[in-house]
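Me: Got a model here that I'd like to go through with you. Can we start with the fold and then move to the ligand?

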Amino acid sequence: MEIKNDLLLRAARGEKTERTPVWVMRQAGRILKEYREVRGKLSGFIALVQNPDLAAEVTIQPVDILGVDAAIIFSDILVIPEAMGLPYTMEEGKGPRFPQTVKNEADLARLNIASEDSLGYVIEAIKVTKRELHGRVPLIGFAGAPWTIFCYMVEGKGSKTFSLARKTLYNDPAFAHKLMDKITESTINYLKSQIAAGADIVQIFDSWAGILPNSQYEEFSLRYIARIADAITEVPVIVFAKGAYASRRAIGAINCNVVGLDWNMDIEESRHLVGTDKTLQGNLDPAVLYADFETVKSETRKMIDQFGTFRHIANLGHGVYPDMEADKVKCFIDEVKAYSSSRH
Ligand code: CP3
């Protein structure tokens with residue numbers, strides 16, 4: 001089906017747009033009371049992720065309520081470890097927990113390469129979403145980067161340091177590469193299935209990029225992201241590697257269309273490092289949305305001025321925090337639309 005508002009796709013490909021497209025990482029979620037209502041009908045987050053009709057409903061909510069230029073499928077990066085054989089739970093206020101982790105060769109050998117069979121609920125949610133969106137805006141598919149997924153599979157939960165995962169890189173790099181390899185193959189299968197079901201563009205989230213030194217980042221993370229980007233030829237690819245300051249030039253050299261910036265990444269410097277044949281995405285400090293409406297607007301205009309009108313997709317520098325007011329998020333979105341229209 002033809003997409004009516006295809007600003008995001010055109011900006012990703014480097015084509016001219018009438019204004020800057022905008023969406024928000026974590027737009028579908030707890031900031032919306034409509035999300036909390038749907039979520040409250042079920043036993044929890046995982047039940048919602050696994051219910052295609054309700055997952056589609058919460059995916060579309062930000063399009064209707066916030067006016068974003070894209071929907072992102074409601075799911076989680078942790079569905080990949082689960083499909084590989086490590087089930088997870090999501091504890092309120094505590095985050096994800098994996099009862100089993102990958103500790104040795106035997107654990108590694110037991111892991112599956114994920115395929116569409118074990119992720120059918122996401123694929124179904126994408127099909128329902130596409131049907132219900134009626135081509136209003138593009139649908140973003142996503143997956144975690146292999147390094148970020150590795151962190152959870154080795155550590156079993158969130159961590160400030162991910163020391164167990166980092167220890168593995170120094171003590172048994174060959175083992176780390178074997179696990180990374182299985183995650184990468186699973187991720188390629190998964191993203192290809194998302195695209196076959198209707199995802200119009202995909203984003204790879206490397207949320208824990210920033211904890212690795214540059215040399216290790218390129219060996220243990222970027223190399224695998226590059227393999228995924230090479231494999232995805234059907235739709236544009238966005239790479240968001242939070243905190244990967246020293247690797248921006250290297251990220252600019254991989255086969256992706258869009259490079260996501262976090263809020264600490266200087267815009268001009270990033271443009272210089274990444275080059276002009278990529279679109280940049282980001283990067284308003286999410287905490288700006290705690291400020292008053294006037295400040296949200298002026299900071300948004302400042303950001304638009306810094307990026308200019310060439311190859312930019314507006315977003316926050318990381319996901320919106322659950323305690324933020326939906327009206328502030330909408331103020332950011334409305335200001336991107338109004339101000340960038342006047343500048344294009
Ligand atoms: O709107 C969207 O962006 C789509 C949905 C989405 C979720 N998670 C839903 C979610 C996306 C793209 C993710 C990605 C994700 N999940 C990342 C990468 C992006 C990032 O923020 O860096 C990571 C690291 C995860 C892992 C994860 N999922 C954690 C650590 C947590 C617990 C922390 C928290 O925010 O509560 C989750 C849970 C989660 N994923 C929620 C949502 C809406 C909250 C659960 C709930 O509603 O109870």
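Predicted model: local features only at pLDDT ≥ 70, side-chain atom pairs only at ≥ 80, totals over all residues.

Me: OK, how many helices and strands does the protein chain have?

Reply: There are 15 helices and nine strands in the protein chain. Its radius of gyration is 19 Å, close to the 20 Å that the globule rule gives for 344 residues, so the chain is as compact as a globular protein of that length.

Me: And what does the C-alpha trace span along its principal axes?

Reply: About 60 × 45 × 40 Å.

Me: Now the ligand. Where does the ligand sit?

Reply: In the largest pocket. The ligand is surrounded by 23 residues, and the closest are Tyr 35, Arg 39, Asp 76, Ser 207 and His 318.

Me: How do the residues of that shell divide into nonpolar, polar and charged?

Reply: The shell has 14 nonpolar residues, five polar and four charged. At least two shell residues come from each of α2 (33–40) and β3 (95–97).

Me: Which side chains have an N or O atom by a ligand oxygen?

Reply: Ser 207 is one of them, with a side-chain N or O atom 2.4 Å from an oxygen atom of the ligand. For Arg 30, the side-chain N or O atom is 2.7 Å from a ligand oxygen. The backbone takes part as well: a polar backbone atom of Ala 28 is 2.9 Å from an oxygen atom of the ligand.

Me: What share of the ligand does the protein bury?

Reply: 88% of the 870 Å² that the ligand exposes when taken alone.

Me: Switching to backbone geometry. Which peptide bond is cis?

Reply: The one from Gly 282 to Asn 283, with omega near -10°. Asn 283 lies in strand β8 (residues 279–284).

Me: And what is phi of Phe 162?

Reply: Phi of Phe 162 is near 45°, a positive value in a residue other than glycine. Most residues other than glycine have a negative phi. Phe 162 is in the loop between α8 (146–155) and α9 (163–171).

Definitions and conventions
Residues numbered from 1 in each chain as written. Heavy atoms only, no water. Near = heavy atom within 4 Å. Polar contact = N/O pair within 3.5 Å; in protein donor to acceptor, adjacent residues only side chain to side chain. Areas by Shrake-Rupley, 256 points an atom, 1.4 Å probe, with all protein chains shown as cover. 1 Å grid on protein atoms, 1.4 Å probe; cavity = no way out; pocket = protein on both sides within 12 Å on 5 of 7 lines; lining within 4 Å. Sits in = over half its atoms within 2 Å of the grid points. Helix = DSSP H or I, 4+ residues; strand = E, 2+ residues; numbered from the N terminus. Nonpolar A, V, L, I, M, F, W, Y, C, P; charged D, E, K, R; others polar. Rg over C-alpha atoms; globule rule 2.2 N^0.38 Å.
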